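Have a look at the picture first.

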Amino acid sequence: MTITLTKEMQQMKEMIRNFVEREVEPFAIQIEEDDAIPEHLVGKATVLEQLGRTHNGFVSLISAHTGIGSTGLVKLASEHLKNKYLPEMAAGTKIGAFALSEPGAGSDATNLATSAEKKGDYWVMNGTKHFITNGPIADVYTVFALTDKDKGAKGGITAFLVERDFPGLTVGKKDKKMGLRGSYTSQVIFEDCIIPEENVIGEVGMGYISALKILGEGRVGLAARAVGSSGKLIELSAKYAKERIQFGKPIADNQAIQWMLADMATETEAARALTMMAAQKIDEGKKVIKEASMAKLFASDVFNRVADKAVQIHGGMGYMAEYPVERFYRDARITKIYEGTNEIQRLIIARNVLEEC
């Protein structure tokens, strides 16, 4: 499928790429060492594939905010909520987070224990969310809670917009992770948390469907980032292969290296085409659940394979922390887990195929 970019889209893509190369990439080592994103970088980026070319911790912070942390408000919230929160979120002065996962409800998002009970003109929420990206730094959270135990996922889950300073909300300590340095996750705990009635996102009871819609678009964004990261790894590997001399010649002359680069490039282009197809369907307002899962599944698998080959091409240097491929290798692994494990993506795809045929 061929996607034609308008002149404006091409200019934006080049602008973001230049931003990533000139302003973000020089700070990648600092982010890794400090486990923090420099404040001057937050709020400057847009195009996710180009962002994927740089530090994935930075990209995770931005995409969790502009993606699943904001999509519910943009797509489903009342005009009052949009006007109240989106301007500051768009400006980057308020950071958003998406709070669905729980200790007992990861891949099975229908098994929520967090509950909310209506009391007059407000709701009272109790429960714990975990592995929440941007949890320690977010100002607002899109939170999903059980509001009708009997109905469960079929009309008994509701989405809420919860401010950090609402009474009863506590943020847990930062999680220690394998990768994604500078992108923080934590538990978000609700103990008789008071939420105004007006902060319901969408319709009461329709939260599970809302979560699926939000995650669908988020998965396409994740796929785009994986494609961008894969592209960057190909460039790093090709450059290194041409410069690294072994047995009197560049290792790029070796067929084994060439075949790895060929596989990396071919799979990355296939992932890009699939991701762009899903993104175009979103732009056209079409149902994208199956295509989003396909894009996330394939692009994240490709990212992991490309990262593995990149380390192999770099040899011992690829295992060293001062080379960026080591960081990409660690950061790639989570893409097969978060926003729905790849096993769950396969179930979603298969279920949709069976329904269609």
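Is Ser183 buried or exposed? With a relative accessible area of 1%, Ser183 is buried, because anything under 20% falls into that class. Keep in mind that this is a predicted model. Ser183 lies in the loop between β6 (169-171) and β7 (185-196). Leaving aside residues up to four places away in sequence, Ser183 touches Gly57, Ser60, Leu61, Thr133 and Lys177.

Now for some cysteines. Here is how Ser183 lines up with two of them:

| Residue | Relative accessible area | Class |
|---|---|---|
| Ser183 | 1% | buried |
| Cys193 | 0% | buried |
| Cys357 | 80% | exposed |

As for disulfides, the structure holds 0 of them. In general, a disulfide is a covalent bond between the sulfur atoms of two cysteines.

Next, a helix. α10 (residues 324-333) is mostly covered, with 7 of its 10 residues buried.

Finally, the rings. The count comes to 3 aromatic pairs. One of them is Trp123 with Phe160, an edge-to-face pair at 5.3 Å centre to centre, with 70 degrees between the planes. This pair links distant parts of the chain: Trp123 belongs to strand β3 (residues 122-133) and Phe160 to strand β5 (residues 157-163), 37 residues apart. Both Trp123 and Phe160 are buried. Over at Tyr184, the charged end of Lys174 sits over the ring, 3.9 Å from its centre.

Conventions:
Residues numbered from 1 in each chain as written. Predicted model: local features only at pLDDT ≥ 70, side-chain atom pairs only at ≥ 80, totals over all residues. Heavy atoms only, no water. Disulfide = S-S within 2.5 Å. Buried < 20%, exposed > 50% of the residue type's maximum accessible area, 1.4 Å probe, protein only. Helix = DSSP H or I, 4+ residues; strand = E, 2+ residues; numbered from the N terminus. Contact = heavy atoms within 4.5 Å. Phe/Tyr/Trp six-rings, centres within 6.5 Å; stacked < 30°, edge-to-face > 60°. Lys NZ or Arg CZ within 6 Å of the ring centre and 35° of its normal.
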